[in-house]
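Q: I am new to this structure and would like a close look at how one part of it is packed. Please start there and then carry on, step by step, into the rest.

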Amino acid sequence: MISKKRAIIYSIIIVITTALITSQVVGYKYRDLNKVAGLKELIDKDFYKDVNNKELVTGALKGMFESLKDPYSQYYTKQEFDRLKEQTSGTYVGIGVVISPVEDDDLITIVSPIEGSPAEKSGIKPGDKILKVNGKDVNSKDMDKAMSMIKGKAGTDVELTLKRGNETLNIPVKRKEIVMKTVESKVMDNDIGYIKISSFDEHTYDEFKKALGNLDKKGIKGLVLDLRDNPGGLLNICEDIADEILPQGDTIVSVKDNSNNAKYLKSDDKKQLNIPIAVLINGGSASASEILTGAIVDNNKGIAIGTTTFGKGLVQTVRGLNDGTGYKLTTAQYYTPNGDYINKKGIKPKIEEKDESKQLDVAIDWLNKQINK
């Protein structure tokens, strides 16, 4: 005689088997997107709670991008996409820190604090890992959520729990409106010009062109181009700046798509900078900073000094959709003019100087030698 418990188990098995057979009979063989649509219908019909269809679709779309296992590709809700656009506009409310996922772990990595920002003044450093925001755990899989937690009203505080080497630090930071001034310049001793670019946003080229013009009027004989802790930004802005430095026809960067088709971006400006250039780099120099460094170094317009760069040799396409949402997708790999693929490797400096307090002096010494030849 079959026990009551075993009878129940047999009944469940029969129900499941019948359901599987029925699903095949009525055509529940969904492939690719049809399968997604079919499963959504089943969830709507059979899930034991009311379903938020918007959240369900958003989760599916985010999951599709996450399955690429690429830390730079992501689907954005309208709110998230608005924040992404804000990052390149030059003005926002926050603590002034650039963050990025890395493939080594699932922690959010600080690429660099923005110069003069609350983050920098609070002692946050490149390479710090964010463990918590206001006591809540965060990770790189949900970076936009972490960013929204870090941002807030101007004048309010946010506490970051950071991992720095073997240390765990709790650092309070006061939020404020961050007005991005991306270019600084000055003339140093012996007619050596200095330009620091902190990021490549919509206004950076205009700022750079103005700064370079002012230095040129003062008769500079050499240039220090400081790209340390510059996390990158817009490729077209980087290309415009390279145009001001390289002679017409020089390759700035080559880009290869998923069919291995190569596109070469070349300088098309008849102007060029005919003075020696020393480019300062470090581990916080990434993406567009590395493209500009490679363009200058590989075309023999100058040398790099400092430490090896971050190593991001991937190009992202950012597109908005009709409903205000959008996505960022890695669509290509880039190579320096000499054909070097620097992803996860970075660009090594011609002259290595690990002490950042000495890097500018090393650059000036090198420039003086070039000027006095």
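A: In this predicted model, the axes of helix H2 (residues 32-46) and helix H3 (residues 53-66) come within 12 Å and cross at roughly 145°. These axes are lines fitted to C-alpha atoms over the stretch in contact, with angles from 0 to 180 degrees between N-to-C directions, while helices (H or I, at least four residues) and strands (E, at least two) are DSSP runs numbered from the N terminus. The crossing of H2 and H3 is right-handed, a term for a near helix turned clockwise from the far one by less than a right angle, anticlockwise being left-handed. On the H2 side the contact (heavy atoms within 4.5 Å) is made by Lys-40, Ile-43 and Asp-44, and on the H3 side by Asn-53, Leu-56 and Val-57. These residues divide into three nonpolar, one polar and two charged, where Ala, Val, Leu, Ile, Met, Phe, Trp, Tyr, Cys and Pro count as nonpolar, Asp, Glu, Lys and Arg as charged, and the others, Gly among them, as polar.

Residues are numbered from 1 along each chain as its sequence is written. Local features need pLDDT of at least 70 and side-chain atom pairs count only at pLDDT 80 or more, whereas totals for chains, interfaces and linings use all residues, and side-chain values use heavy atoms, with hydrogens and water left out.

The next topic is the nonpolar cores, each a set of buried Ala, Val, Leu, Ile, Met, Phe, Trp, Tyr and Cys residues joined through side-chain atoms within 4.5 Å; buried means under 20% relative accessible area, exposed over 50%, and partly exposed in between, with a 1.4 Å probe and protein chains only. The largest nonpolar core has 39 residues, of which Ile-195, Leu-225, Ile-245 and Leu-292 touch the most other members. Among the elements giving two or more residues to this core are strand E11 (192-197), helix H7 (204-217), helix H8 (235-245) and helix H9 (288-298). Not counting residues up to four places away in sequence, Leu-292 touches Phe-200, Leu-225, Leu-227, Cys-238, Ile-241, Ala-242 and Ile-245. Apart from this core lies another, of 21 residues, among them Val-97, Ile-110, Met-149 and Ile-171.

Turning to the strands, two of which pair if DSSP finds at least two bridges between them, strand E4 (residues 108-113) pairs with strand E5 (residues 129-133) in the antiparallel sense over two bridges, with Ile-108 standing opposite Ile-130 in E5. E5 also pairs with strand E7 (residues 157-164), antiparallel and over four bridges, and there Lys-132 stands opposite Thr-161. Two bridges join E5 to strand E6 (residues 136-137), again in antiparallel fashion, and in this pairing Lys-132 stands opposite Asp-137. E5 and E6 form a hairpin with two residues between them, and Asn-134 in the turn has a positive phi of about 50°. Because its relative accessibility is 43%, Asn-134 counts as partly exposed.

Most residues other than glycine have a negative phi. Asn-300, in the loop between H9 and strand E16 (302-306), has a positive phi near 60°, and it counts as exposed because its relative accessibility is 71%.

One more loop residue is Ser-89, placed between helix H4 (78-87) and strand E2 (91-94). Ser-89 counts as partly exposed because its relative accessibility is 26%, and, leaving out residues up to four places away in sequence, Ser-89 touches Glu-202 and His-203.
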